[in-house]
Amino acid sequence: MKPSSRRHAGCAAPPVARAALAGVQARTDDLRLALATLSGHKLRSFLTLLGIVIGVFTVVAMMALLDGLQRSLSKTMGQLGADVFQIQKWPNFNFGPLSPEVLARKKITVAQALALRDALPEAKQVGPELWEQGKEMSAQGNIDQGVQVAGRHPGVLHQHQPGRGHRAHLQRRGGARRSAGGGDRAAVVDTLFPGQDPIGQRVRLGRLDLQVVGTLERQGGIPLEGNPDNVAAIPISLFGEIYGTSRSINISVMAREHKDMAKVQDLAMSAFRRVRGLSAQQENDFEVFSNDSARSMFDDLAAKVNLVMFVICGFSLLVGGIGVMNIMLVAVAERTREIGLRKALGARRSRILAQFVIEAVVLAFCGGVIGVLLGYGMAAVGRFAMDVPATVPSWAVALSLGVSGGIGLLFGIYPAARASRLDPAVALRNE
């Protein structure tokens, strides 16, 4: 490089740095003026932001709750087990009344479950299952009033893995003696036998006196579905004696390996159609429910909820944006003298434009921050009051704040442009 070129480059650097510093100082002054203006009209600013606050709060809160439910569902899909699916008469999820075809289905019987077991050697386990909710068990003066009673075929334990003693005892003695298994260190054992070994102890279920022959491993709570550890498993024959045999049973099928799930499920459906005597032209008169189908159902429902939520949020943000434009037009009308004086003292049109645009963006961004904080509050309520492990996704926060700032920019441009076009002489004369 020639000496003259080096001298020219060295002289050019300081003005560029000074211009950048002046720009930063100008934007800092604009931000300070915007905050001062908003703090001077707190109530008016907050009422203006309600639309943005509601929209952002809805997005953040719903994303937190859906994310919590999704993670909880993935964690507790052991409700059936990774390699288990269930055949049942009724749909596991249903919105609205059942169709006449579903209502006309015949019940599934224990005999049909055993016939399916014989016709499906590819499965590791096949067994009937029945449930009763909210029953009372007592022992040693302690009472548990929210017990889920599971009637199962001896040796078939899909939903809860066996803890201590359960499989051996239940297989050997379940059919001959009146016996039961409870959740290991879970609600039943903690309530009825605090600090004690429950195996061999006596419990009372309704009018029956039962012996605890084993325990079940703790599964962990499922939000909104009660405590799955508060369960007692008894032989299905004993279940029929207590609660009757008129209801339809569920059939749990366990594949030998997870990779065989799809194959075993197809074979089970074909075999059970034969057991039920269905022709090739007839539709299935039973449902197949698995972890994958439950997750697919949840994902489909979540997508629909998201669509409705974003439509509602869009309207809320539109209302909020109109409110921002309205308040900025009012601000321009109230500060006509200020604008005229600044322009008379040499303020450029771009500086006036930037000042009012930044003020609108800050106003909308503050609404976004308030909405995000309220969303975090709702997530906390979900965790502690609803037992949903709700956490706010970082992308939802970034999206909400970005959209709220964009709303301020979009709806603040027109008032800012109107302020920047004011003639200083006219503005001062009007005042």
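This is a predicted model: local features need pLDDT of at least 70, side-chain atom pairs count only at pLDDT 80 or more; totals for chains, interfaces and linings use all residues.
Local features are reported at pLDDT of at least 70 and side-chain atom pairs at pLDDT 80 or more, while totals for chains, interfaces and linings use all residues. Numbering runs from 1 along each chain as its sequence is written, and side-chain values use heavy atoms, with hydrogens and water left out.

Overall, the protein has 13 helices and 9 strands; these are DSSP runs numbered from the N terminus, with helices being H or I of at least four residues and strands being E of at least two. The protein holds 431 residues, and 43% of them count as buried. Here buried means under 20% relative accessible area, exposed means over 50%, and partly exposed is in between, using a 1.4 Å probe and protein chains only. Contact means heavy atoms within 4.5 Å. Among contacts between residues at least 6 apart in sequence, 79% join residues at least 24 apart.

Turning to the inside, the largest nonpolar core has 38 residues. Such a core is a set of buried Ala, Val, Leu, Ile, Met, Phe, Trp, Tyr and Cys residues joined through side-chain atoms within 4.5 Å. The members that touch the most other members are Ile87, Leu116, Leu120, Val203, Ile251 and Val253. With residues up to four places away in sequence not counted, leucine 120 touches Val126, Val253, Val264, Leu267 and Ala268. Another core, of 29 residues, lies apart from the largest one and includes Ala64, Val357, Leu363 and Val372.

Aromatic pairs come next, and a search of the whole structure turns up 2 of them. Rings of Phe, Tyr and Trp (its six-membered ring) pair if their centres lie within 6.5 Å, with planes under 30 degrees apart counted as stacked, over 60 as edge-to-face and the rest as tilted. Phenylalanine 239 and tyrosine 243 make a tilted pair, at 4.9 Å centre to centre and 55° between the planes. Both of these residues sit in helix α7 (residues 236-243), 4 residues apart, or about one turn of the helix. Phenylalanine 239 and tyrosine 243 are both buried. The other pair joins phenylalanine 272 and phenylalanine 286, with ring centres 5.0 Å apart and planes at 80°, so this pair is edge-to-face. Phenylalanine 272 belongs to helix α8 (residues 261-276), whereas phenylalanine 286 is in the loop between α8 and β9 (287-290), 14 residues away. Phenylalanine 272 has 0% relative accessibility and counts as buried; phenylalanine 286, at 3%, counts as buried too.

A few single residues are worth a look. Glycine 240, in helix α7, is buried with a relative accessible area of 13%. Its C-alpha lies 9.0 Å from that of leucine 130, although glycine 240 and leucine 130 are 110 residues apart in sequence. Arginine 276 lies in helix α8 and is buried, with a relative accessible area of 13%. Leaving aside neighbours within four places in sequence, arginine 276 is in contact with Lys106, Lys107, Ile108, Gln112 and Asp285. Arginine 276 and lysine 106 are 170 residues apart in sequence, with 9.2 Å from C-alpha to C-alpha. Glutamine 140 has a positive phi of about 55° although it is not a glycine. Glutamine 140 is found in the loop between β2 (123-139) and β3 (142-152), and at 45% relative accessibility it counts as partly exposed.

That leaves the helix packing. Axes are lines fitted to C-alpha atoms, for helices over the stretch in contact, and angles run from 0 to 180 degrees between N-to-C directions. Angles under 35 degrees count as roughly parallel, over 145 as roughly antiparallel, 65 to 115 as roughly perpendicular and the rest as oblique. The axes of helix α9 (residues 291-334) and helix α12 (residues 394-420) come within 9 Å and cross at roughly 30°, so α9 and α12 are roughly parallel to each other. Residues of α9 that meet α12 include Leu317, Gly321 and Met325, and those on the α12 side include Ile407, Gly408 and Phe411. Helix α11 (residues 349-385) packs against α12 at an angle of about 150°, with the axes 7 Å apart, which makes α11 roughly antiparallel to α12.
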